[in-house]
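Subject: Structure handover

Hello,

Here is the structure I promised to pass on. Please open it first, then read my notes below.

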Amino acid sequence: MKRLLIGVLALVAMMGVARAETLRILMETVPDTEQVKSLLSEFKAATGYDVEIEAISYIDMHTKLVPQLIAPTGAYDIIIVDFYWVAEFTKAGWLLPLDEFAQRDGVDLGRYVPKVMATTGQVDGVTYMLPFYNYVMGLVYRKDLLEDPAEQAAFKEKYGIELGVPKTWDEFKKQMEFFTRDTDGDGQNDFFGTVTQAQRGDCIMMQSSNFLYGNGGRYYDENWNPLLNTPEAVQGLADFADATLKYSAPGSEGFCFDEATAVMTQGKAYSIITFNNLYATINNPETSAAGGKVGITGVPGGGLMGSWGWGIPKSSPNKDGAWAFINWVESFDIAKRRAIMGNAMTQTALFTDVDVVAARPEAPSLEPLVAEANAFPVFTYTVEFVEAVGREFNLAASGQKDPKEAAEAAQEAFADLLRKDGLIE
Amino acid sequence: MAQITLKNLGKMFPPDVVAVADVNLTIGDGEFFVLLGPSGCGKSTTLRMIAGLEEATSGDILVDGRRVNDDDPADRDLAIVFQNYALYPHMTVAENLAFGLKLRKVAPTEITSRTAATSRMLGIEPLLKRKPRELSGGQQQRVALGRALVRQPKAFLFDEPLSNLDAKLRATMRTELIKLHQSLGATIVHVTHDQVEAMTMGQRICIMKDGHVVQVGPPMEVYRNPADTFVAGFLASPPMNLLDARVVDHAGGLAVALGEARLAVPGAFNGAYGAWRDRDVVFGIRPEDMHDGAGPGGRTPLDVRVVAVEALGPEVVLVAALADGREIHARLGPGFVAPIGSQQRLHLDLGAMHLFDRETRKAIAQRGTG
Amino acid sequence: MAAGALARRDQRFGLLLTAPGLAALLLVVLFPLGFAVFTSLFDYTLVHPNHDTFVGFDKYVEAWNADYLPDALWTTVKFVVASVVIEFVIGFSVALALNRVTRFKNVYYIILLAPLLMNPVVVAQLWRMILHSELGIMNYVLGMIGIGKINFLGDPVAAFWTVVLVDIWHQVSFMAILLLAGLAALPREPYEAARMDGASAVQTFVHITLPLMRPVIAVALLLRLIFAIKTFDIVFIMTKGGPGTATDLISYFIYRSAFFGLDVGRASAMSVALLLIVLALTIYLYRYMKSLA
């Protein structure tokens with residue numbers, strides 16, 4: 001009996017070891033995940049670890065993560081953290097601080113673009129994540145239309161200014177209006193100045209943020225006082241509602257990224273404010289009618305900062321293995337090879353690296369995007385904030401609520417959550 | 001009341017199952033007519049074609065001389081009583097009775113009076129407020145009957161209405177139906193597989209087999225002169241003894257050779273049976289035409305071995321074996337006793353014998369040209 | 001006396017046989033339910049996942065006062081009534097039609113069952129693509145036959161009916177198949193009796209089919225009603241409750257409270273309240289249906 005027990009225990013222990021040799025990661029089904037997957041065999045060769053990546057769609061990630069993070073021992077060794085879960089995850093104490101690991105292995109945290117590091121790297125001076133990729137939003141526009149002399153002349157005649165890559169928000173607004181037209185004369189617009197994505201939740205919040213920044217608005221000041229009912233913020237929301245109802249494809253009230261990007265890749269819109277890492281998709285002639293005809297620039301006033309970070313949950317079954325992986329995947333060589341494959345870079349040196357630029361000529365123009373990006377409010381209740389404020393913005397964007405009224409309601413909802421989090425009185 | 005005529009009536013189910021073939025019948029006005037046969041013989045299908053629930057694939061159905069093949073069941077003005085009663089389970093007895101009248105837009109006062117009269121006649125007045133599931137089988141049967149009666153149709157079609165009742169109740173209902181027929185004088189077509197029902201109730205019976213009519217006639221007529229071995233073997237219990245035999249010359253006349261035994265044919269039949277000399281036939285004799293005593297004379301002896309003696313009270317059924325082992329049944333008086341295995345001499349009344357063609361199974365005429 | 005002892009022994013044996021099942025039920029039904037009720041009395045959040053702070057019925061009050069709760073409740077009522085009623089009408093028609101069919105019955109069954117076998121998330125994604133206002137095939141087809149484009153998910157009224165119709169597309173076969181099973185099990189004889197009594201097709205339907213089907217109809221409506229109240233996936237994928245609050249169903253509302261608001265206590269309070277409402281509704285409808293039968 002005793003021997004049997006020991007045998008069983010030994011077996012269990014061995015299984016434990018065998019299991020520790022496999023690192024499990026929960027990731028999103030995006031190209032950046034595929035890039036990592038393609039390099040895993042090298043990690044195995046270098047360290048002996050197998051890596052199992054479970055890739056699911058974004059909407060399921062948070063729901064799937066939380067129970068694993070609460071558990072004493074979760075299913076994932078490594079997770080990737082979206083920037084707006086950062087405060088929630090750190091405040092709840094779900095993430096393991098990485099400073100000791102970084103110091104031990106001499107990782108230079110200064111290699112990252114500071115704004116990215118501040119978003120998905122450090123919280124209050126403690127390093128919880130290494131930035132994985134950024135998804136700063138940029139303005140993708142139809143280069144061919146801007147360069148068309150006929151368009152240039154018509155634009156100049158109508159507005160009295162030159163048609164070119166927009167430098168100011170006002171210029172962009174004029175362009176949205178200018179390019180929205182009815183090409184087949186059936187009384188309905190069929191080419192649009194821009195494409196908005198106003199579905200409740202992330203979709204509207206991500207994109208409408210750029211309209212806020214474009215008008216010089218901000219979500220909150222340095223003391224976390226909410227600023228959503230300022231004239232700039234109200235104007236930003238009004239602009240977004242206008243764009244959705246007048247200058248974008250019908251149905252934009254319910255669009256998210258897929259639907260909005262589709263309008264652009266079908267060649268039915270002049271511009272779209274979207275994640276810079278979608279630029280490659282829109283500019284690919286094989287999959288996009290706008291392929292080879294688009295350029296990307298920063299949103300006037302600064303685009304929305306967005307990024308993902310690698311983190312180790314406290315519930316990680318194998319924390320050493322997890323760090324070994326993060327250290328490897330973020331090493332300069334591997335990061336560079338991912339950048340060449342199209343990864344939205346987070347390390348400053350990569351944007352101007354000769355090999356990267358050779359593969360991706362637009363790389364240098366992406367650095368200012370990241371450097372000038374504006375942060376989204378990240379606090380414990382960011383997810384609920386997105387929900388509550390997103391609902392008000394969506395009411396305005398679908399014409400059901402006056403922008404001013406919606407902005408006031410959003411301000412109140414934001415303030416409630418900030419109070420709940422103890423950030424304001 | 002009505003006369004129902006079937007002309008060359010046929011029913012074929014796809015792809016090629018013939019359920020009823022070439023049925024010709026005339027059911028007289030006010031007649032109690034029984035369709036009898038084993039299950040699958042086509043009797044129910046014939047009834048359902050008359051009702052209009054099945055479409056005839058050939059032939060004509062006439063009610064009072066009018067062709068009704070293409071009429072809706074409702075327009076034929078016939079009422080059917082189903083084997084499972086088919087009461088409307090969600091309606092009370094009163095509603096069940098009134099439903100058909102309501103649909104026919106009969107005046108409410110008339111409905112009330114007819115329902116009352118019918119329920120009084122059938123003795124179901126106390127049940128009027130109940131639902132079918134609260135009734136016994138016999139009560140449901142009466143309600144089903146009432147639903148047919150209350151409509152006052154041209155004719156009634158009974159589809160084995162007694163088969164779900166227990167033996168005692170069935171006997172009672174049999175008598176009641178006969179009385180009902182007498183008091184209403186209605187045309188009734190009654191389908192059954194029970195030969196007792198057929199014999200006791202029908203003014204005429206029609207025996208069907210494999211979709212064909214085998215014989216039609218008054219019950220005793222059919223009983224006495226079965227058209228073939230099927231009819232002979234179907235009616236009565238125990239039925240007619242049917243034994244393979246040969247007709248042979250015997251003592252200047254004819255005899256039936258039953259193994260070693262020779263049963264002399266009564267002289268009256270010699271003319272008709274003469275043509276069958278030295279040919280294979282089936283010999284038939286009813287159990288009641290065999291006796292344990294020689295009687296007043298004219299009976300033919302036959303030696304048998306006792307296999308079983310079934311005392312039923314008013315009579316005894318003797319199961320006996322011939323010399324070659326073939327078994328026969330005889331109905332004897334209540335006093336008969338004999339040890340199993342003992343030899344016994346039976347006395348046959350050959351004036352009641354039948355001969356059938358071994359090949360066609362048809363009865364061989366006893367008199368006339370032959 | 002002996003019979004009594006026997007009955008007691010039978011009872012004990014029966015209890016023994018059902019014990020594992022009862023225990024499993026207790027574990028998977030009663031425990032979570034009890035946990036939800038318990039949790040609803042505490043300030044249990046995902047940030048502080050513990051039962052340290054007892055708050056009594058505060059969470060219920062909080063839930064009741066939650067912004068936009070009345071909108072969500074009203075939307076849910078409209079959604080449930082619309083989808084269940086339309087599904088019943090379509091489902092019954094389909095069931096009646098199929099009940100007569102003898103050839104290719106299996107083919108029809110497979111076609112009917114196909115949507116039901118699909119994951120609701122897939123259904124919602126599929127329709128989201130089909131109904132894309134600018135690039136979807138639906139508006140393309142509508143355009144070809146001369147009907148203008150419909151802003152399926154962008155217009156508040158259209159979005160509500162779109163969600164209702166997608167739910168119907170997905171769930172109507174459940175109703176149809178349940179009713180079809182009921183129809184197939186009906187006795188044939190009363191129909192023949194009705195034909196002899198001279199009932200027309202409509203009269204037969206009203207006087208025979210409907211009354212006989214009442215118990216099945218009651219069950220079908222009740223089940224769909226409960227399912228409809230719990231509808232979540234379609235809204236979650238297709239509209240996120242928008243535009244505005246046009247398609248904000250109560251289950252999604254509760255979900256957000258738990259997973260976006262991180263307030264499990266409040267979400268539990270809402271769930272418990274919803275459960276009580278559904279329970280009351282079920283009992284009432286069940287009684288009502290039974291009184292009819």
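**A charge over a ring**

The charged end of K420(A) sits over the ring of Y381(A), 4.4 Å from the ring centre. Chain B has such a case too: the charged end of R279(B) lies over the ring of W276(B), at 3.9 Å from its centre. A charge sits over a ring if NZ of Lys or CZ of Arg is within 6 Å of the ring centre and within 35 degrees of the ring normal.

**Before you go on**

This is a predicted model: local features need pLDDT of at least 70, side-chain atom pairs count only at pLDDT 80 or more, and totals for chains, interfaces and linings use all residues. Residues are numbered from 1 along each chain as its sequence is written, chains are lettered from A and ligands numbered from 1 in the order in which they are written, and side-chain values use heavy atoms, with hydrogens and water left out.

**Aromatic pairs**

A pair of aromatic rings is described by the distance of the centres and the angle of the planes. Rings of Phe, Tyr and Trp (its six-membered ring) pair if their centres lie within 6.5 Å; planes under 30 degrees apart count as stacked, over 60 as edge-to-face and the rest as tilted. The search of the whole structure gives 56 aromatic pairs over all chains.

Take Y220(A) and W224(A): their ring centres are 4.1 Å apart and their planes are at 5°, so this pair is stacked. Y220(A) is partly exposed, at 24% relative accessible area. W224(A) is buried, at 18%. Here buried means under 20% relative accessible area, exposed over 50%, and partly exposed in between (1.4 Å probe, protein chains only).

Now take F385(A) and F414(A): the centres are 4.5 Å apart and the planes at 50°, so this pair is tilted. The pair links distant parts of the chain, 29 residues apart: F385(A) is in helix 19 (residues 382–397) of chain A and F414(A) in helix 20 (residues 403–420) of chain A. Both F385(A) and F414(A) are buried. Helices (H or I, at least four residues) and strands (E, at least two) are DSSP runs, numbered from the N terminus.

**Chain A against chain C**

Two pairs of chains touch, and the most contacts are between chains A and C. Contact means heavy atoms within 4.5 Å. Chain A gives 38 residues and chain C gives 32 residues.

The size of an interface is often given as the accessible area lost when the parts come together. Buried area is that loss for two parts (1.4 Å probe), summed over both. Between chain A and chain C it is about 3,000 Å², with 57% from carbon and sulfur atoms. I59(A), Q199(A) and R200(A) supply 19% of the area that chain A buries against chain C, more than any other three residues.

There are five salt bridges between chain A and chain C. A salt bridge is a side-chain nitrogen of Lys or Arg within 4 Å of a carboxyl oxygen of Asp or Glu. E134(C) forms one with K268(A), the closest N and O atoms being 3.9 Å apart. Helix 4 (58–70), helix 5 (86–91), helix 13 (257–265) and helix 19 of chain A each supply at least two residues of the side of chain A that touches chain C. Helix 19 of chain A gives the largest share, seven residues.

**Chain C against chain B**

Here 16 residues of chain C meet 23 residues of chain B. Chain C and chain B bury about 1,700 Å² between them, 62% of it on carbon and sulfur atoms. R195(C), M196(C) and D197(C) supply 43% of the area that chain C buries against chain B, more than any other three residues.

Two salt bridges cross this interface of chain C and chain B. R151(B) forms a salt bridge with D197(C), with the closest N and O atoms 3.4 Å apart. Helix 8 (189–197) and helix 9 (201–229) of chain C give two or more residues to the side of chain C that touches chain B. Helix 8 of chain C has the largest share, eight residues. Its buried residues are P190(C), E192(C), A193(C), A194(C), M196(C) and D197(C). After helix 8 of chain C comes G198(C), whose phi is positive, near 90°.

What about chain A and chain B? No contact joins chain A and chain B, and their closest C-alpha atoms lie 51 Å apart.

Best wishes
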